[in-house]
Amino acid sequence: MKQRSLRAGLKASLLAACLPFFAAAQTPATPAPPNPANAPAPALPPYVSPEIHPDDTVTLRLRAANAQKVDLVLEGAVTPMRQEADGLWTATTPVLAPEIYGYRFVVDGQPMLDPRNTDVYHNLLSLTSNLTVPGTPPEPWELQSIPHGIVEHHFYTSQVVLGLPNNQSDYYVYTPPGYSAKSRQSYPVLYLLHGYSDAADGWSSVGKANFILDSLIASGKAKPMIVVMPLGYGNMAVLKPGRTPEISAQSVELYQKALLSEVMPQIEAAYHVSKKREDRAIAGLSMGGHESLFIGLTHRELFAWIGTFSAGLNPKTISELPPTTAQKANLRLLWMACGVDDALLKPNQTVIATLKAEGLPVTAIETPGHHQWPVWRDNLIHFAPLLFQK
């Protein structure tokens with residue numbers, strides 16, 4: 001009995017001793033005063049770039065709070081940007097004609113893309129942000145509600161081109177609306193070559209060649225045709241620093257061999273293309289213009305139509321071109337265009353004068369602009385309707 005009473009007393013004493021701690025545990029803690037040093041920084045307001053205004057001016061913006069100098073480079077034209085609040089730099093262009101424009105920012109001497117713009121064009125050497133000023137009605141390079149052709153991408157193992165990963169080369173093929181592999185109808189074919197630094201998709205991704213052909217065919221301005229857009233190098237070392245004139249010349253020579261012995265046979269086996277020379281054209285821009293002129297005049301038995309857009313020509317080119325006459329060449333069209341502000345204008349004029357002196361009927365075109373895609377898209381728009389006309 002005494003033992004039970006002792007235990008009860010000890011339990012009561014222990015409970016009494018712990019009650020203050022239980023009470024403290026149940027009492028809400030007094031919140032600590034806020035510490036401004038640890039508080040998160042307020043969120044910066046969002047911004048839009050590019051912003052196309054109703055008057056077709058465009059505002060470009062970049063947040064770079066610590067930058068000392070930011071420039072906008074739009075199709076080669078440099079515009080200093082103005083710093084505003086919250087480290088936001090802005091520049092507004094003059095009125096821009098409907099077109100696809102490439103641009104980038106230069107921040108304290110370092111080029112960079114527009115981080116607010118997901119429309120990015122890439123080639124084998126660089127990246128560029130794009131902005132599109134739409135036209136009313138839509139321009140030929142814009143996506144329209146018209147019948148569309150199909151662009152297919154092919155890979156193959158090249159035995160000719162040097163420096164390819166696992167010897168894998170590629171080309172793109174545009175087939176016009178209504179083309180059917182089951183039909184026996186044959187189509188004329190244009191081999192359309194890209195410029196230096198571009199990949200095989202240059203003409204389809206940024207040149208919008210497929211949309212341009214869709215538009216020209218739908219409006220009846222151009223004949224339905226198949227367009228082949230191959231990778232344009234014979235030696236991939238031509239893209240690396242330290243390239244020499246010898247490597248450049250080798251690249252053109254090997255590329256000619258790859259086009260004639262690898263790409264063309266595959267096209268003629270897989271697609272309904274005419275094998276007549278009067279149904280075969282070759283054209284290209286910059287490096288591809290040089291290749292087109294060289295290959296077209298060297299293989300007059302294969303091509304009756306030749307086009308060059310800002311061809312990468314130099315005085316040595318003249319000595320490399322095969323001597324010919326108008327009768328021997330028997331060309332349906334030799335069309336050579338260049339922008340009036342392009343550094344290649346004078347070399348092109350020299351080559352044109354030489355070819356005319358040999359009696360070749362050169363159609364020489366000079367357009368506004370420099371060495372840029374807006375010029376080459378315009379060239380294709382005016383060149384393609386001339387092809388394969390009787």
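Q: In β2, which residue is the bridge partner of Ile-52?
A: Val-58 is the partner of Ile-52. Strands here are DSSP runs (E, at least two residues), numbered from the N terminus, as are helices (H or I, at least four). This is a predicted model: local features need pLDDT of at least 70, side-chain atom pairs count only at pLDDT 80 or more, and totals for chains, interfaces and linings use all residues. Residues are numbered from 1 along each chain as its sequence is written, and side-chain values use heavy atoms, without hydrogens and water.

Q: How many bridges join β1 to β2?
A: Two strands pair if DSSP finds at least two bridges between them. Two bridges join β1 to β2 (residues 58-63), and the strands run antiparallel. Both belong to an open sheet of four strands, in the order β1-β2-β6-β5. β1 (51-52) and β5 (82-83) each have a single partner strand, so one side of each lacks a neighbour in the sheet.

Q: Which residues of β14 are buried on each side?
A: In a regular strand the side chains alternate between the two faces of the sheet. Buried means under 20% relative accessible area, exposed over 50%, partly exposed in between (1.4 Å probe, protein chains only). Ile-226, Val-228 and Pro-230 are buried on one side of β14, Val-227 and Met-229 on the other.

Q: Which residue in β14 is the bridge partner of Tyr-191?
A: Val-228 is that partner. β13 (residues 189-193) and β14 pair in the parallel sense over three bridges. β12 (residues 168-175) pairs with β14 in the antiparallel sense, over four bridges.
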